[in-house]
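Dear colleague,

I am passing on a structure for you to look through. My notes on it follow below.

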Amino acid sequence: AARATRDATARDDGWHDVCGVEEVSRSNARRAVCVAGRHLALVRAPAPSARLHAIDATCYHMGGPLLWAEIEEVPGRGACAVCPWHRYHVALTTGERVYRDLNGEYVGIARKQRVHEVREDDASGRVLVRLSRDEEAWESDRYAMKAPPPASAGT
Ligand code: FES
């Protein structure tokens, strides 16, 4: 298990080199990374999407560690992180809180957990992250610059 102890390398275009693609290539891979002082969780959703996501590491609700979240596929909302503390569902693509309403429909509430841009560069074999530049406040912002995330769950 590796802990993100130093800031990722910044490039001129705002992208930060955070780790090697092979470190997060497995289904359900996790890694804690630090980008410009902000603690993020890199999370690989299981199949079918198998997509890599970068979200604020600390749950907007009360500070739970999303690095340790189970990932659940929610109809119409895609892969969601299920916070280990109170089981809130956070959509990995949009950062919405997702819940089931009284009609059994899955509903999303926007702008809870800030999501960041992430891409896997095949040429260099590196994972690049660019912080969200949305100037609106997201609820997870209040935790993002403070508490360090727990040690990585391993990759
Ligand atoms: Fe994440 Fe409560 S801290 S659901």
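Subject: notes on the fold, the core and the open sheet

Of the 155 residues in the protein chain, 39% count as buried. Please keep in mind that this is a predicted model.

Secondary structure comes first. The protein chain contains twelve strands and one helix. As for contacts in the protein chain with a separation of 6 or more, 52% are between residues 24 or more positions apart.

Next, the nonpolar core. The largest one has 35 residues. Those with the most contacts inside this core are Leu40, Ala41, Leu42, Ile55, Leu66, Ala81 and Val129. Two or more residues each are given to the core by β3 (30-35), β4 (38-44), β5 (52-56), β7 (78-82), β8 (89-91), β11 (115-121) and β12 (126-130). The most comes from β4, which gives four residues.

Then the open sheet. Five strands make it up, in the order β6-β7-β8-β9-β10, and their pairing is antiparallel. At the edges are β6 (70-74) and β10 (106-109), each of which pairs on one side only. From one strand to the next the twist averages 40°. Within this sheet, β7 and β8 run antiparallel and are joined by three bridges. Cysteine 80 stands opposite alanine 91, a residue of β8.

Two single residues are also worth a look. Is arginine 30 buried or exposed? Arginine 30 belongs to strand β3, and it counts as buried because it has 20 C-beta neighbours inside 10 Å, where the cut-off for buried is 20 or more. From arginine 30 to tyrosine 88 the C-alpha to C-alpha distance is 19 Å, and the two are 58 residues apart in sequence.

The other is isoleucine 109, in strand β10. Isoleucine 109 has 12 C-beta neighbours inside 10 Å and therefore counts as exposed, the limit for exposed being 12 or fewer. Leaving aside residues up to four places away in sequence, isoleucine 109 touches Glu96 and Arg97. Serine 49 lies 60 residues from isoleucine 109 along the chain, and their C-alpha atoms are separated by 22 Å.

Regards

Notes. Residues are numbered from 1 along each chain as its sequence is written. This is a predicted model: local features need pLDDT of at least 70, side-chain atom pairs count only at pLDDT 80 or more; totals for chains, interfaces and linings use all residues. A nonpolar core is a set of buried Ala, Val, Leu, Ile, Met, Phe, Trp, Tyr and Cys residues joined through C-beta atoms within 7 Å. Two residues are in contact if their C-beta atoms, placed from the backbone, lie within 7 Å. Two strands pair if DSSP finds at least two bridges between them. Axes are lines fitted to C-alpha atoms, for helices over the stretch in contact, and angles run from 0 to 180 degrees between N-to-C directions.
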